[in-house]
6 protein chains.
Amino acid sequence: MSTPFYLPVSDEVEVFHAAARRGLPVLLKGPTGCGKTRFVEAMANQLGRELVTVAGHEDMTSADLVGRFLLKGGETVWVDGPLTRAVRQGSICYLDEIVEARQDTIVVIHPLADHRRELPVDRLGTSVPAAPGFQLVISYNPGYQSVLKSIKESTRQRFVAIELDFPPADIETDIVAREAGIDADTARALVTLGRAIRDLDGSPLREVASTRLLILAGGLVAEGLSLRSAVRAAVVRVLSDDPDLVSALGELADAVLPNRE
Amino acid sequence: MSTPFYLPVSDEVEVFHAAARRGLPVLLKGPTGCGKTRFVEAMANQLGRELVTVAGHEDMTSADLVGRFLLKGGETVWVDGPLTRAVRQGSICYLDEIVEARQDTIVVIHPLADHRRELPVDRLGTSVPAAPGFQLVISYNPGYQSVLKSIKESTRQRFVAIELDFPPADIETDIVAREAGIDADTARALVTLGRAIRDLDGSPLREVASTRLLILAGGLVAEGLSLRSAVRAAVVRVLSDDPDLVSALGELADAVLPNRE
Amino acid sequence: MSTPFYLPVSDEVEVFHAAARRGLPVLLKGPTGCGKTRFVEAMANQLGRELVTVAGHEDMTSADLVGRFLLKGGETVWVDGPLTRAVRQGSICYLDEIVEARQDTIVVIHPLADHRRELPVDRLGTSVPAAPGFQLVISYNPGYQSVLKSIKESTRQRFVAIELDFPPADIETDIVAREAGIDADTARALVTLGRAIRDLDGSPLREVASTRLLILAGGLVAEGLSLRSAVRAAVVRVLSDDPDLVSALGELADAVLPNRE
Amino acid sequence: MSTPFYLPVSDEVEVFHAAARRGLPVLLKGPTGCGKTRFVEAMANQLGRELVTVAGHEDMTSADLVGRFLLKGGETVWVDGPLTRAVRQGSICYLDEIVEARQDTIVVIHPLADHRRELPVDRLGTSVPAAPGFQLVISYNPGYQSVLKSIKESTRQRFVAIELDFPPADIETDIVAREAGIDADTARALVTLGRAIRDLDGSPLREVASTRLLILAGGLVAEGLSLRSAVRAAVVRVLSDDPDLVSALGELADAVLPNRE
Amino acid sequence: MSTPFYLPVSDEVEVFHAAARRGLPVLLKGPTGCGKTRFVEAMANQLGRELVTVAGHEDMTSADLVGRFLLKGGETVWVDGPLTRAVRQGSICYLDEIVEARQDTIVVIHPLADHRRELPVDRLGTSVPAAPGFQLVISYNPGYQSVLKSIKESTRQRFVAIELDFPPADIETDIVAREAGIDADTARALVTLGRAIRDLDGSPLREVASTRLLILAGGLVAEGLSLRSAVRAAVVRVLSDDPDLVSALGELADAVLPNRE
Amino acid sequence: MSTPFYLPVSDEVEVFHAAARRGLPVLLKGPTGCGKTRFVEAMANQLGRELVTVAGHEDMTSADLVGRFLLKGGETVWVDGPLTRAVRQGSICYLDEIVEARQDTIVVIHPLADHRRELPVDRLGTSVPAAPGFQLVISYNPGYQSVLKSIKESTRQRFVAIELDFPPADIETDIVAREAGIDADTARALVTLGRAIRDLDGSPLREVASTRLLILAGGLVAEGLSLRSAVRAAVVRVLSDDPDLVSALGELADAVLPNRE
């Protein structure tokens with residue numbers, strides 16, 4: 001994979017580096033599709049550390065993180081989970097949307113997050129000390145759920161918090177053009193539409209048009225679809241199933257986008 | 001199987017091909033029985049790719065998609081699930097009515113759907129990169145549930161959305177005649193009835209008469225049943241259990257259908 | 001087992017045969033004890049096909065239908081479930097009261113019910129094509145639950161629906177006399193009582209006196225019990241636990257039944 | 001065990017024998033402790049059949065009735081459950097308080113209860129035909145729950161119903177004296193108290209003083225306890241935890257019982 | 001362990017002995033910490049029988065009582081649970097706070113509690129007859145839950161009931177002094193405080209100061225803590241987490257306790 | 001690990017030592033991050049005992065505490081859990097936030113907490129007596145849940161209770177300076193901010209700024225971050241996700257903190 005592309009917006013890079021020097025875990029907040037994963041990839045790259053990414057989900061068990069016994073040749077053999085692997089290697093372990101996971105899954109990260117810096121592996125009856133360089137990063141979208149309910153305070157208070165948001169228009173245009181492989185004018189048109197949707201007052205949409213959606217629409221244009229079809233397929237119909245909303249968003253797109261076809 | 005029969009209605013074929021060229025996942029929306037499965041079969045045929053279809057259901061686990069260990073001869077042997085098979089082969093994987101599945105099942109498709117294009121197989125401790133040609137297609141019926149609840153936004157925003165509906169009367173008549181093996185007049189009579197039922201104001205029916213139902217009725221006629229009996233067996237009694245509704249639909253059918261017997 | 005005894009009431013036999021010729025699945029609706037099982041047995045007999053019957057219940061899993069691995073001699077051995085057996089043999093598979101089963105159990109019958117006519121066996125990683133003659137029949141009682149909730153529309157719309165009810169008095173008398181082994185007068189008395197109970201206005205009974213109950217009472221008479229005792233044991237006390245209702249039904253029975261003892 | 005002691009009250013013995021001759025299953029209704037188990041033991045004794053008793057409970061699985069595979073010496077070995085044993089042997093199988101069991105457990109008895117008279121053993125892939133003499137008996141207390149909810153109608157309508165109640169005073173006195181090993185006067189005093197408690201108007205007690213409780217109190221007297229202590233330990237404090245009720249029942253006992261100490 | 005110390009309050013010893021002679025099960029009612037366990041230990045000691053104690057909890061399964069198969073050397077080996085051990089040995093089996101357990105766990109004790117006196121071990125396919133001397137004792141706190149809901153009537157009516165309460169002041173002072181190893185004056189002060197707390201009108205405390213708490217406080221005094229500190233650590237802060245209540249109880253303690261420091 | 005740093009606030013050390021001498025279990029109450037873990041580490045150090053710490057969580061099973069069988073080389077091998085290990089060794093076992101665990105997990109500690117001082121290991125069929133020096137310590141945060149609901153009274157009444165709170169300003173400043181490795185002035189500024197947040201009237205924050213948070217912020221300053229950035233990353237954004245609250249806390253921080261940059 002090529003070097004990840006990340007343009008800093010505020011002091012998020014500085015805070016991450018300070019946390020990394022001290023081995024402190026990091027909590028990434030931000031809306032869907034604003035670039036959290038890309039930020040962590042860039043940080044791992046800058047710090048020269050391996051990145052182990054795990055997507056959280058509500059049926060994830062602690063064994064999915066820590067490891068399990070598999071039966072091989074009549075013997076039970078222990079296989080490290082991704083978290084244990086990162087702990088042994090001194091890698092950055094990125095738990096994406098961890099609030100999806102169950103409490104018991106989250107709780108295994110406590111001793112890693114405080115001054116103990118070790119991972120208890122109950123099933124092995126041991127504790128694995130974190131190798132130098134190990135760092136825990138977890139992310140979530142504060143707009144979705146009451147995080148105070150989902151993450152225990154005693155876990156949350158062990159983290160340094162960084163808040164990401166959609167980038168300013170110029171940076172976002174650069175990102176969309178580069179990621180979708182389209183010219184700057186088309187990218188700017190898409191970003192203008194995206195920001196118009198984000199600015200809708202009292203929007204009934206649960207989510208706004210993320211940078212990711214704009215890149216997707218740009219990609220379809222790069223494959224030869226008209227801008228209108230691409231925006232409908234990758235933005236309008238993705239943001240809503242409601243016929244009235246779909247129709248209103250379509251009209252907004254027609255008004256905002258250049259009439260190039 | 002013979003070449004699947006599909007008559008395009010809007011730009012759905014063009015969008016699918018653009019998404020396929022870019023390797024983007026596709027979200028198919030549309031009512032029950034409008035032809036979503038047939039559309040995907042036609043696309044796979046046009047693109048010359050193998051199609052792997054998986055029907056979603058609420059107890060489907062991620063192991064049902066990804067694979068599991070089976071015990072053979074005292075050894076645990078890994079057996080790929082249908083999704084993993086499609087990923088390795090570069091096939092189209094069609095997850096039909098995926099919103100039926102649990103969140104943890106859906107979450108395994110994230111890294112396949114974004115720029116990573118890989119399937120993490122936690123139980124093997126590895127990630128399978130998607131072979132060229134692999135494409136994910138998922139379908140659901142927006143009329144059934146709040147999709148915004150069932151599909152996570154971060155999943156949904158990785159897809160290109162295509163919306164299908166019942167075809168126009170002429171195309172639907174062609175489809176019913178061809179699929180049921182009946183003459184055009186009978187097919188037209190069935191389509192006329194189907195559209196009459198779909199147009200009922202404030203209908204208490206949860207579903208309208210789909211193309212699939214009309215084909216079914218046509219099939220019974222092809223087997224020698226009277227049109228009246230066929231419509232009652234394959235349309236009226238299928239659409240409702242309520243005695244009053246069944247009776248009202250029967251009268252509507254008598255009024256609309258030609259009195260040929 | 002001797003040839004099943006079935007007297008047609010409407011066009012149910014004709015519809016079943018047409019569906020069978022086309023290989024279409026059949027949905028049997030009707031109240032408890034009206035003769036659904038006997039009808040399917042008669043159809044299988046007429047068509048010269050083996051009948052595989054499975055009683056649905058709410059904890060039935062798809063493995064109960066499709067099959068499972070059993071551990072034999074240290075090896076896992078696959079054992080076909082009843083549905084898989086019927087699919088391979090080209091038998092009629094009758095899923096009795098299938099709405100009792102969980103959605104994931106019902107969902108396995110989709111590809112069998114549509115034009116694919118195959119049973120995916122996920123655990124074997126294969127699909128079993130239906131042998132010629134295979135036909136799916138499912139039954140339920142529309143009075144019990146909201147079927148629209150229990151059976152997914154996309155399943156339901158793949159079926160031809162047949163509705164059964166209690167037979168007319170003469171046919172029911174024949175059935176009761178024959179099945180219970182009693183004379184026509186006693187059978188007629190029982191049928192008269194049964195119909196009187198079914199006609200009760202605003203009855204608080206969840207179920208009415210089914211043909212099955214009348215046969216049961218007749219059987220006790222054939223064993224030498226008085227008609228009065230038999231009706232109380234097999235009809236009155238079976239229909240209710242409520243002391244007042246039991247007493248009222250007993251008085252109704254005394255009024256309707258001939259005073260032969 | 002000696003010959004079970006049972007004194008008939010109504011025609012329950014006659015009905016049971018007729019059902020037994022015809023191989024029909026029996027449903028026993030009656031309050032806690034009125035003698036249902038003893039009645040079944042007496043019937044099995046009179047008919048010269050072995051009795052297999054299974055106590056129902058809410059976590060009972062069908063495997064508890066039908067059987068399961070156990071791992072022995074690296075091989076899975078099938079072990080019949082009590083129901084399967086009774087079916088093979090032609091015994092009476094008494095499922096005590098079966099409404100406690102889950103629906104899927106109850107459903108296995110359907111094919112045994114109707115004209116098929118066979119027990120499908122899914123895990124073996126076979127059906128065990130009932131040996132001559134096999135008879136199913138289930139019991140429940142109609143005062144506890146809505147039986148119409150707990151037992152499916154299609155199950156319930158396959159049974160002959162017998163209703164038991166507390167025996168008349170003379171018979172109950174005989175039973176208490178004989179079972180507790182006390183003289184007739186003490187037994188009569190206990191029965192008088194029991195009937196006084198059963199006759200309390202608008203009693204807040206969920207259960208009344210059963211024959212079983214009176215036998216228990218009698219047994220304590222036979223061990224040398226005073227009648228007053230025995231009644232308090234085996235009747236009053238057993239019937240309620242509420243201090244006021246315990247005190248009121250104690251006063252009732254003092255008023256009814258002879259002042260012999 | 002030394003001979004258990006128990007001072008009788010009412011006729012509880014007499015009733016227990018009569019029940020033991022007859023082999024009848026015993027139901028012990030009483031508030032937390034009033035001495036139920038100690039009473040059973042004293043009875044077992046007086047009767048010269050071994051005591052097997054099992055603490056009930058809500059996830060206890062019947063296997064926890066009866067036994068289970070363990071895999072040893074590739075063979076499944078049966079290991080008796082504590083109840084089975086007591087049944088075979090003729091010991092007293094004390095099921096402490098059994099209402100915590102699930103119904104299916106409680107149900108296994110039915111055949112042990114009635115005239116059958118045997119323990120069915122379904123998984124072994126056998127029944128273990130109770131050895132002479134076996135006696136079942138169960139306890140619960142009637143103040144906690146509706147016992148009528150938690151214990152099935154048919155179970156409850158097989159037991160002799162004994163009710164225990166906090167002992168009179170003199171006996172309680174003896175117990176506290178002896179158990180805590182403190183002088184009679186300090187013990188009396190603690191008992192005076194305990195009774196003052198029990199007598200609080202309309203107390204918002206869920207539990208009152210039990211004998212066990214007073215012994216605990218006495219033990220801290222015996223270790224050199226001041227009476228004030230000991231009462232705060234072992235009584236006040238244990239009875240409540242509410243700051244206002246903790247403060248009010250502290251003031252009550254200061255008013256009641258002698259000002260010795 | 002170096003000697004744990006603990007400055008006593010009230011008589012908590014004296015009470016802990018008295019409980020330790022008597023072998024009594026200890027209940028630690030206090031808000032998140034106030035130093036409960038550090039207190040127990042200091043007590044273990046002073047008493048010269050090993051400390052075994054287990055973090056409670058809602059899916060913790062009793063096997064996680066007591067131990068389990070693992071399959072090794074075809075044999076089941078018993079592996080002690082952390083609690084069993086502590087019991088055998090005579091260590092202090094600290095169950096952190098035990099109210100998170102299920103009742104059945106909590107219940108295993110009863111016999112360890114009372115005069116029996118033994119751990120029943122049901123799966124081994126034995127009881128492990130506590131070695132001299134074994135002591136149980138459990139902690140919870142009374143502000144979170146109704147402890148009276150979560151901990152059974154019969155468990156709770158076996159413990160000596162100690163209540164911890166945030167330390168006085170001077171002690172807290174010492175702790176923050178020492179733990180974060182910063183100068184006293186910066187530490188004092190952080191403590192001043194922490195206390196200002198704790199004193200907010202009617203705060204909508206679920207938690208206040210704990211000592212742990214202040215140490216974290218100090219750590220970032222030690223790594224070169226500005227005090228403003230550090231406080232925002234480690235205090236403000238950690239305490240809330242609400243944009244308004246985050247902004248208000250930021251302003252409070254600007255007002256309270258010295259303007260050093």
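Ground rules. This is a predicted model, in which local features need pLDDT of at least 70 and side-chain atom pairs count only at pLDDT 80 or more, while totals for chains, interfaces and linings use all residues. Residues are numbered from 1 along each chain as its sequence is written, chains are lettered from A and ligands numbered from 1 in the order in which they are written, and side-chain values use heavy atoms, with hydrogens and water left out.

Start with the sheet in chain B. It is open, has 5 strands in the order β2-β5-β8-β1-β9, and pairs in parallel. Strands pair if DSSP finds at least two bridges between them. Helices (H or I, at least four residues) and strands (E, at least two) are DSSP runs, numbered from the N terminus. The edges are β2 (51–55) and β9 (160–163) of chain B, each pairing on one side only. From one strand to the next, the twist averages 20°. Angles run from 0 to 180 degrees between N-to-C directions, and axes are lines fitted to C-alpha atoms, for helices over the stretch in contact.

Now, what joins β2(B) to β5(B), residues 92–96? The answer is 5 bridges, with the strands running parallel. Leu51(B) has Ile92(B) as its bridge partner in β5(B).

Which helices pack on this sheet? Helix α12 (residues 227–239) of chain A does, touching β1 (26–29) and β9 of chain B, at about 75° to the direction of β9(B). Touching, or contact, means heavy atoms within 4.5 Å. α4(B) also packs on the sheet, against β2, β5 and β8 (135–140) of chain B, and its direction makes about 160° with that of β2(B).

α4(B) covers residues 82–89, and its buried residues are Pro82(B), Leu83(B), Thr84(B), Ala86(B) and Val87(B). Buried means under 20% relative accessible area, exposed over 50%, partly exposed in between (1.4 Å probe, protein chains only). After α4(B) comes Gly90(B), with a positive phi near 75°.

Over to chain A. In a regular strand, side chains alternate between the two faces of the sheet. Val52(A) sits opposite Cys93(A) in β5(A).

Next, helix pairs. In chain D, α11 (residues 211–222) and α12 (residues 227–239) pack at about 150°, axes 8 Å apart. They are therefore roughly antiparallel; the cut-offs are under 35 degrees for roughly parallel, over 145 for roughly antiparallel, 65 to 115 for roughly perpendicular, and oblique for the rest. Residues in the contact include Leu216(D) of α11(D) and Val231(D) of α12(D).

In chain C, α10 (residues 184–198) and α13 (residues 243–256) pack at about 135°, axes 10 Å apart. That pair is therefore oblique. Among the contact residues are Thr192(C) and Leu193(C) of α10(C), and Leu249(C) of α13(C).

Last, two residues. Gly218(B) lies in α11 (residues 211–222) of chain B. Is Gly218(B) buried or exposed? Buried, at 0% relative accessible area. Beyond four places in sequence, Gly218(B) contacts Ala180(B), Ile182(B) and Leu190(B).

Ser210(E) is in the loop between α10 (184–198) and α11 (211–222) of chain E. Ser210(E) is buried too, at 0% relative accessibility. Residues up to four places away aside, Ser210(E) touches Thr32(E), Gly33(E), Phe166(E), Arg198(E) and, in chain F, Gln157(F).
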